[in-house]
Amino acid sequence: MSVRLKIISAIEQIAAEQKVTLPPLEDNLSLHETGFDSLAFAILVARLEDDLGIDPFTISEDASFPLTIGDFIRAYENVPA
Amino acid sequence: MFPRETSALRDYLDPGLTGRTLSDARHSASLTDIAGQTCLKGRLAELSGRSVLVATSNQFFAALVMLEVDGIAQRMLLCPPDLKADHLQAIIEDAEIDAVVTDQPDRFAAAGLALVVIASGDLAAAPRTQTERATEWLMLTSGTLGMPKIVGHTLEGLTGAIAADAPAKGNRPIWATFYDIRRYGGLQIFLRAVIGGGSLVLSEPGEPLADHVARLNKMGITHISGTPSHWRKLLMSGAASAFSPKYVRLSGEIADQAVLDGLHQAFPSASIGHAYASTEAGVGFAVNDGLEGFPASIVGTRDGVEMKVVDGCLHIRSRRAAHAYVGHRASALTDDEGFVDTGDMVELRGDRYHFVGRRGGIINIGGLKVHPEEIEAVINRHAEVRMSRVKARKSPITGAIVVADVVLTEATDASRGDEIKSRIIADCKASLAPHKVPAMIKFVDKLDITAAGKLARSDA
């Protein structure tokens with residue numbers, strides 16, 4: 001499974017657990033519009049770290065948090081695993 | 001039953017009570033005969049009035065030494081098995097130790113102590129000794145980080161709870177404990193056995209649980225104590241089915257409903273009680289109704305123990321409490337009114353207080369406070385769960401999130417993992433605030449238990 005698919009699948013699973021109804025996950029969807037709160041994002045980042053072995057938001061020096069789904073996925077794709 | 005004036009342990013060794021024993025896996029002694037024996041090759045008089053470190057390689061020797069030295073030495077400091085070597089010298093200085101009783105004299109060759117007395121399990125006949133004084137009993141706290149604190153007790157204070165509910169003569173318990181008797185919880189059981197006219201079967205580090213239980217059975221133990229972690233380990237091992245104690249006691253950690261119910265199921269004919277005690281505050285109370293927490297009605301004064309709840313934290317004033325921390329830099333053990341701040345947080349639900357965790361163990365999730373223990377209590381009530389540990393995991397987003405390591409019961413089919421995880425999460429969601437719901441659950445084979453018998457939380 002590609003990094004992108006893994007991320008989408010993790011988002012969908014957390015949405016189901018948190019009873020959040022997701023809009024279609026397009027690249028330009030802002031993270032705010034996903035309906036996730038900061039706890040849901042914290043869970044997502046922790047699970048992806050276990051799954052992919054990376055946490056791009058902790059290791060990056062200029063850890064600016066992404067604004068859209070596309071930015072979020074690219075943050076993972078751009079880190080050498 | 002208490003002898004008047006100053007009494008020492010030896011004064012409770014009634015030679016008329018026959019058949020009493022003290023044993024571990026390798027040694028056994030008669031508690032009936034021990035008052036007329038020495039484990040120090042007759043050198044007890046040299047310890048008169050001294051501040052004595054009791055540093056033996058095993059609990060059996062330590063028990064013999066306590067029985068012989070109490071009432072003779074000025075002070076007696078019980079050295080637990082896991083004391084770090086680099087703390088030893090500081091403790092010797094802080095407690096103004098000037099003699100050591102040990103079976104490992106090489107360990108103290110460089111300590112600069114005036115007197116080293118060798119203890120052994122070879123008991124020799126000796127004249128019965130007269131008690132000279134009330135020896136001060138010093139114990140170490142089990143603080144996992146940094147220097148342990150030295151806590152000063154008297155025998156009278158240590159045995160306060162035992163005098164209050166001493167068993168009738170003729171009903172002579174055979175005690176066992178998973179604790180080490182050089183720590184407060186274990187020492188209570190040693191003292192109960194000695195004062196209550198019973199016997200004691202000691203634990204043995206490294207002994208497989210099944211062998212330990214076989215030994216307990218062989219000795220016919222009737223009363224047994226340990227931490228909830230000790231008990232969960234026993235329930236997990238499957239060895240519980242092999243024995244049937246009459247009295248099961250839990251202390252040292254929060255006894256949640258799951259472990260109480262688990263023990264009730266495993267030992268249907270036993271009475272099961274959980275006690276609240278700490279090295280500093282002494283024995284607070286015991287709860288015997290099979291329910292977690294304690295009735296709010298016992299807050300106040302009862303049996304000489306005063307309890308109050310201040311900012312959600314239990315404070316205790318009691319003659320069973322320690323009288324001081326000992327040492328050059330020792331802080332005050334009580335507040336101005338004589339109350340010990342236990343650091344144990346409680347929450348009133350209906351007419352019962354429930355322990356929710358340690359004040360120092362709070363984890364911070366994006367500014368919201370969480371006690372790991374309250375989440376563990378919810379996880380542990382699932383039939384498939386034997387024990388769990390909740391801890392913080394760093395998060396770049398909220399600072400931390402809550403994660404849980406869970407040990408399933410031996411009977412649970414591991415392939416049901418995903419289903420069990422979902423049910424635990426759903427239950428946590430229904431019972432707890434959102435930030436307390438574990439973000440992740442990991443199944444593990446076992447959880448580490450500290451030398452003091454508590455769930456290891458140091459890496460949290």
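**A walk through the model**

Modeller: Let me start with one residue, Arg393(B), which is buried, with a relative accessible area of 18%. Please keep in mind throughout that this is a predicted model.

Biologist: Which side chain does Arg393(B) meet in a salt bridge?
Modeller: The side chain of Arg393(B) meets that of Glu49(A) in a salt bridge, with N to O at 2.9 Å. This pair crosses between chains, running from strand S26 (residues 385-395) of chain B, where Arg393(B) sits, to helix H2 of chain A, which holds Glu49(A).

Biologist: How many salt bridges does the rule find across the interface of chain A and chain B?
Modeller: The rule finds 2 salt bridges across the interface of chain A and chain B, and the pair of Glu49(A) and Arg393(B) is a salt bridge between these chains. Across this interface there are also 5 residue pairs in polar contact, both residues being at pLDDT 80 or more.

Biologist: Which helices of chain A supply residues to the side that touches chain B?
Modeller: Helix H1 (3-18), helix H2 (38-52) and helix H3 (56-59) of chain A each supply at least two residues of that side, and H2(A) gives the most, with 10 residues. By type, the residues on the side of chain A that touches chain B divide into 8 nonpolar, 3 polar and 5 charged.

Biologist: How many residues does the contact take from each chain, and what area is buried?
Modeller: The contact takes 16 residues from chain A and 12 residues from chain B. The area buried between the two chains is about 1100 Å², and carbon and sulfur atoms give 68% of that.

Biologist: Switching to salt bridges in general, what does the count come to over all chains?
Modeller: By this rule the count comes to 32 salt bridges over all chains. One inside chain A joins the side chains of Glu17(A) and Arg47(A), at 2.9 Å from N to O. That pair links distant parts of the chain, since Glu17(A) is in helix H1 of chain A and Arg47(A) in helix H2 of chain A, 30 residues apart.

Biologist: Is Arg47(A) buried or exposed?
Modeller: Arg47(A) counts as buried, at 17% relative accessibility.

Biologist: Back to chain B, then: which residue forms a salt bridge with Glu410(B)?
Modeller: Glu410(B) forms a salt bridge with Arg386(B), and their closest N and O atoms are 3.3 Å apart. Glu410(B) lies in the loop between strand S27 (399-408) and helix H10 (417-431) of chain B, while Arg386(B) is in strand S26 of chain B, so the pair ties together parts that are 24 residues apart in sequence. Of these two, Glu410(B) counts as partly exposed at 47% relative accessibility, and Arg386(B) is buried, with a relative accessible area of 17%.

Biologist: Which residues are linked in a network of salt bridges?
Modeller: Glu384(B), Arg416(B), Glu419(B) and Arg423(B) are linked in such a network.

Biologist: Now a new spot: where is the place of Glu204(B)?
Modeller: Glu204(B) is in the loop between strand S12 (199-201) and helix H6 (209-218) of chain B, and this residue is buried, with a relative accessible area of 14%.

Biologist: What does Glu204(B) touch?
Modeller: Leaving aside residues up to four places away in sequence, Glu204(B) touches Asp24(B), Ala25(B), Arg26(B) and Arg215(B). A polar contact of 2.7 Å joins the side chains of Glu204(B) and Arg26(B), and a polar atom of the Glu204(B) side chain lies 3.1 Å from the backbone nitrogen of Ala25(B).

Biologist: Last topic, sheets: what order do the strands take in the open sheet of 6 strands?
Modeller: The order is S17-S23-S22-S20-S19-S18 in chain B, with antiparallel pairing. Strand S17 (294-295) and strand S18 (300-302) of chain B stand at the edges, each with a single partner strand, so one side of each is left without a neighbour in the sheet. S18(B) pairs with strand S19 (residues 305-310) of chain B in the antiparallel sense over 3 bridges, and Val305(B) in S19(B) is the bridge partner of Arg302(B).

Methods: Residues are numbered from 1 along each chain as its sequence is written. Chains are lettered from A and ligands numbered from 1 in the order in which they are written. This is a predicted model: local features need pLDDT of at least 70, side-chain atom pairs count only at pLDDT 80 or more; totals for chains, interfaces and linings use all residues. Side-chain values use heavy atoms; hydrogens and water are left out. Contact means heavy atoms within 4.5 Å. Buried area is the accessible area (1.4 Å probe) that two parts lose on being put together, summed over both. A salt bridge is a side-chain nitrogen of Lys or Arg within 4 Å of a carboxyl oxygen of Asp or Glu. A polar contact is a pair of N or O atoms within 3.5 Å; within protein, one must be able to donate a hydrogen and the other to accept it, and residues adjacent in sequence count only if both atoms are side-chain atoms. Helices (H or I, at least four residues) and strands (E, at least two) are DSSP runs, numbered from the N terminus. Ala, Val, Leu, Ile, Met, Phe, Trp, Tyr, Cys and Pro count as nonpolar, Asp, Glu, Lys and Arg as charged, and the others, Gly among them, as polar. Buried means under 20% relative accessible area, exposed over 50%, partly exposed in between (1.4 Å probe, protein chains only). Two strands pair if DSSP finds at least two bridges between them.
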